[in-house]
Amino acid sequence: MSMTATAGRAHADPHHIGVVVEHPGPASKRIVTAYGFWVFLLSDIVMFSCFFAAYAVLHGQTAGGPSGAEIFEQRNVAIETVCLLLSSFTCGMASIAADVRNRFWFYLGMAVTCVLGIIFLVIEFREFADLIARGYGPTRSAFLSSFFSLVGCHGLHVSAGVLWLLTMMAQVFAKGFRADVLRRMMCFALFWHALDIIWVGVFSVVYLLGSAV
Amino acid sequence: MLGKLDWSAIPFDQPIPLVAGAVVLVAILGVLIWVVVKGHLPYLWHEWITSVDHKRIGVMYILLASVMLLRGGSDAIMMRIQQAIAYQSQGYLPPEHYNQIFSAHGTIMIFFVAMPFVIGLMNLVVPLQLGVRDVAFPTLNSVGFWLTATGALLVNLSLVIGEFARTGWLAFPPLSGLSYSPGVGVDYYAWSLQISGVGTLVAGINLVTTVLKLRTKGMNYLRMPMFCWTTLASNLLIVAAFPILTATLAMLLLDRYLGFHFFTNEAGGNVMMFMNLIWAWGHPEVYILVLPAFGIFSEVVSTFSGKALFGYRSMVLATMAICVISFMVWLHHFFTMGAGPDVNAIFGIASMIIAIPTGVKIYNWLFTMYGGRIRFATPMLWSVGFMVTFIIGGLTGVLVAVPPADFMLHNSMFLVAHFHNVIIGGVLFGAFAGFEYWFPKAFGFRLDERWGKLAFWFTFLGFYVTFMPLYIAGMLGMTRRLQHYDVAAWRPWMIVAAFGMAVLTIGVICQIIQLVVSIRNREALRDRTGDPWDGRSLEWATSSPPPVFNFAFHPDVRGEDAYWDMKARAQQQSLGHEKPEYHDIEMPRNSPTGFICAFFATIMGFALIWHIWWMVILGGIGAFATFVVFAWRDHDEYVIPAEEVARIDRVNIEERRSLVSMAGAI
């Protein structure tokens with residue numbers, strides 16, 4: 001059949017222009033794991049987009065309660081953003097350290113990431129607690145419901161990320177840089193960076209646009 | 001201590017659920033005792049419950065779907081009887097109970113019958129068709145299955161402890177909000193779907209990754225069997241749509257549990273947002289179910305016509321077109337809710353456009369049959385029955401996609417008839433075709449043809465007798481979800497529909513008999529070659545049932561219809577000159593992770609439904625601990641030595657050689 005001809009042409013055409021490239025077989029475990037985790041992250045982003053959509057629909061529905069401009073504190077949000085963006089950088093450093101099998105820099109990078117994550121969570125928690133204390137809890141209006149859910153959902157993800165981070169540090173401590181541990185570390189890094197991307201969305205849509213109104 | 005749970009949760013005053021629950025309980029206990037006494041428990045635990053083999057998990061999915069089909073079917077029987085006798089009377093079911101029945105029927109049939117059935121078939125077949133050893137994430141696969149089972153268990157628990165939602169299968173607020181549904185019914189609904197939804201998402205991620213990243217050597221995208229393509233499309237839809245369901249139900253639960261205002265009537269909540277969100281998931285869901293069925297029909301029609309699938313590339317294109325367009329039509333589910341004529345027109349046209357790729361598919365199947373040497377085995381009967389039935393369902397679908405017509409027909413029995421027409425005629429017929437077609441692959445023996453054909457004819461005729469009258473009743477103005485009615489003109493059609501339900505039931509009984517008869521005669525029905533239908537794709541290239549590693553070495557694919565091609569080449573070359581070189585195979589170890597996860601998820605779900613907070617925390621800690629313990633294990637694979645692989649494979653090759661030489665002699 002024509003298949004042998006196709007295979008022949010594939011060799012003649014290293015840039016794969018215009019011919020069917022012979023599929024080499026199943027991908028390696030590392031690629032499969034990372035790919036699957038990417039697909040999961042995409043689904044997670046779809047989930048977030050629903051909360052974004054709900055916020056977009058409901059942000060004007062204050063039911064006589066406060067609007068975004070009245071309750072958002074730019075300074076806190078700025079610190080939160082810096083913490084999270086920095087933590088993505090340190091997480092990247094930890095990944096590199098893992099790739100070159102350097103335990104010290106790995107632990108240091110992960111520890112800093114953890115501390116930055118926790119600072120972020122503490123600020124967010126205080127913001128929430130303060131709003132609730134002033135009577136602006138999520139039950140006050142549809143706007144506040146969607147605000148607390150969207151930002152809280154991101155916060156929950158960060159909390160899970162911190163738990164995962166500690167588990168990864170413990171795994172490297174107990175098992176060293178084994179192939180499966182490294183695969184998990186790669187997934188964790190993807191997760192942590194994805195949270196950063198989502199935070200950029202939260203920061204822009206909720207806080208920047210919300211304060212402008 | 002026990003939250004909202006007390007003795008009043010058990011409906012001592014309602015005999016029907018109590019008796020049904022007692023019967024089920026006795027049956028389950030009986031099976032459990034039988035299993036323990038006969039000493040089957042270790043076998044079940046090691047070979048099935050903790051198995052991470054995609055074939056075993058697929059079988060368990062289908063088993064779950066079959067059991068739930070009986071449950072959802074008995075709900076259907078009860079509803080048909082009620083509507084047949086409830087003319088100017090209350091019927092035999094109290095309204096409260098009737099509302100629970102139709103909500104449970106819809107929920108169960110979609111989430112716990114159709115979904116597990118197609119996911120089970122995809123799990124069973126796709127890695128075999130791709131020529132690989134397993135899915136991308138075997139342990140996750142087991143977790144996904146057991147979480148689905150958890151959801152099913154919670155729904156059935158509501159039969160005896162507490163109540164189920166009385167809100168219809170999509171729990172529209174504000175009816176499903178706390179003020180109108182203060183009981184635990186909606187909570188049962190929401191938590192069981194949340195938990196099983198996670199399971200479905202996991203299965204979706206797994207299968208997408210499997211199709212995209214795990215294909216045997218030479219299996220280019222345009223050489224994949226059609227079923228792999230529809231699996232890919234369907235699972236892409238799962239990955240894109242199920243998170244929407246998760247988010248929507250989370251919002252509903254926040255409203256109910258913590259007094260949020262997403263969908264309430266007060267404080268700025270927006271009910272229409274629920275409609276948009278739930279149907280943005282709900283419409284793709286229909287295609288998540290029907291696309292794999294389309295794939296099954298493609299395989300079956302091509303195999304039993306003895307021809308390659310007609311218009312393979314147009315079929316791929318049609319599949320992916322449906323995959324994309326299915327996300328653009330959700331609003332046709334609420335044409336009548338005031339979106340305005342412009343929006344309605346756009347969504348009406350978008351809805352009708354789906355008929356084009358679907359039509360392409362129908363013609364491709366017809367042209368595949370044209371000029372072929374057709375064998376009317378049971379799977380083929382289901383496929384032809386599907387083509388006739390689905391065209392009717394599709395046409396009525398285009399009819400209700402016309403907004404003005406929809407204003408007349410929406411929420412009527414016409415609509416009920418339409419979606420049963422496509423779901424039964426499309427998904428269920430597809431599931432049965434796939435069941436008959438791949439059963440010998442899973443178990444090593446064929447199913448009895450005589451009973452299979454009887455089952456087909458009773459189900460096929462029963463379907464028409466049941467649902468065609470509903471179209472007419474809808475035209476006569478009968479709305480759905482009626483507990484009783486006073487219009488004389490509707491009654492005859494309800495009685496005919498109830499009669500049709502009886503015929504359908506005979507079809508189901510035939511199928512059960514078929515299974516029993518086939519198991520009894522399994523030696524006579526044994527399939528030694530692994531290729532009972534003279535198949536075309538790679539799942540037939542291995543023995544039936546396949547060894548745990550599926551293929552001794554990855555098959556080398558040179559074109560479409562990989563196995564057909566191999567058989568043809570083998571005949572020409574008189575087969576067997578090459579001695580294959582065997583290598584050690586690494587396979588994932590069994591793991592109880594999925595079962596334990598589901599155990600804690602069940603505890604957590606039940607505790608959440610009844611507001612038993614300490615138990616929620618217990619379940620949460622347990623689930624996290626399971627996760628860590630799983631992540632901590634050191635040996636997640638075991639090795640099958642090359643000699644063992646060679647021994648198993650040689651038997652298969654001998655059988656196959658005799659088959660090919662026989663075919664050559666003919």
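Predicted model: local features only at pLDDT ≥ 70, side-chain atom pairs only at ≥ 80, totals over all residues.
Residues are numbered from 1 along each chain as its sequence is written, chains are lettered from A and ligands numbered from 1 in the order in which they are written, and side-chain values use heavy atoms, with hydrogens and water left out.

At the interface, 44 residues of chain A are in contact with 47 residues of chain B, contact meaning heavy atoms within 4.5 Å. The area buried between the two chains is about 3700 Å², and carbon and sulfur atoms give 69% of it; buried area is the accessible area (1.4 Å probe) that two parts lose on being put together, summed over both. One salt bridge is found across this interface, a salt bridge being a side-chain nitrogen of Lys or Arg within 4 Å of a carboxyl oxygen of Asp or Glu. It joins A:Lys29 to B:Glu637, with an N to O distance of 2.7 Å.

Nonpolar cores are sets of buried Ala, Val, Leu, Ile, Met, Phe, Trp, Tyr and Cys residues joined through side-chain atoms within 4.5 Å. Here buried means under 20% relative accessible area, exposed over 50%, and partly exposed in between (1.4 Å probe, protein chains only). The largest core has 251 residues, and A:Phe147, B:Trp281 and B:Trp365 have the most contacts inside it. Helix 8 of chain B supplies the largest share of this core, 21 residues; helices (H or I, at least four residues) and strands (E, at least two) are DSSP runs, numbered from the N terminus. Beyond its neighbours within four places in sequence, B:Trp365 is in contact with residues including B:Phe294, B:Phe297, B:Leu309 and B:Phe386. Another core, of nine residues, lies apart from the largest one and has B:Phe549 and B:Met587 among its members.

Over all chains, 77 aromatic pairs are found. Rings of Phe, Tyr and Trp (its six-membered ring) pair if their centres lie within 6.5 Å; planes under 30 degrees apart count as stacked, over 60 as edge-to-face and the rest as tilted. The rings of B:Phe172 and B:Phe274 are edge-to-face, because their planes lie at 85°, with centres 6.3 Å apart. B:Phe172 is in the loop between helix 5 (138–157) and helix 6 (185–213) of chain B, whereas B:Phe274 is in helix 8 (residues 271–305), so the pair ties together parts that are 102 residues apart in sequence. B:Phe274 is buried, at 0% relative accessibility.

In chain B, B:Glu449 and B:Lys453 form one with an N to O distance of 3.7 Å. Both residues lie in helix 15 (residues 449–475), four residues apart, about one turn of the helix. B:Glu449 is partly exposed at 25% relative accessibility, as is B:Lys453 at 30%. In chain A, the closest N and O atoms of A:Arg134 and A:Asp130 are 3.3 Å apart in a salt bridge. A:Arg134 is partly exposed, with a relative accessible area of 41%, and A:Asp130 is partly exposed at 33%. A network of salt bridges links A:Arg178, A:Asp180 and A:Arg184.
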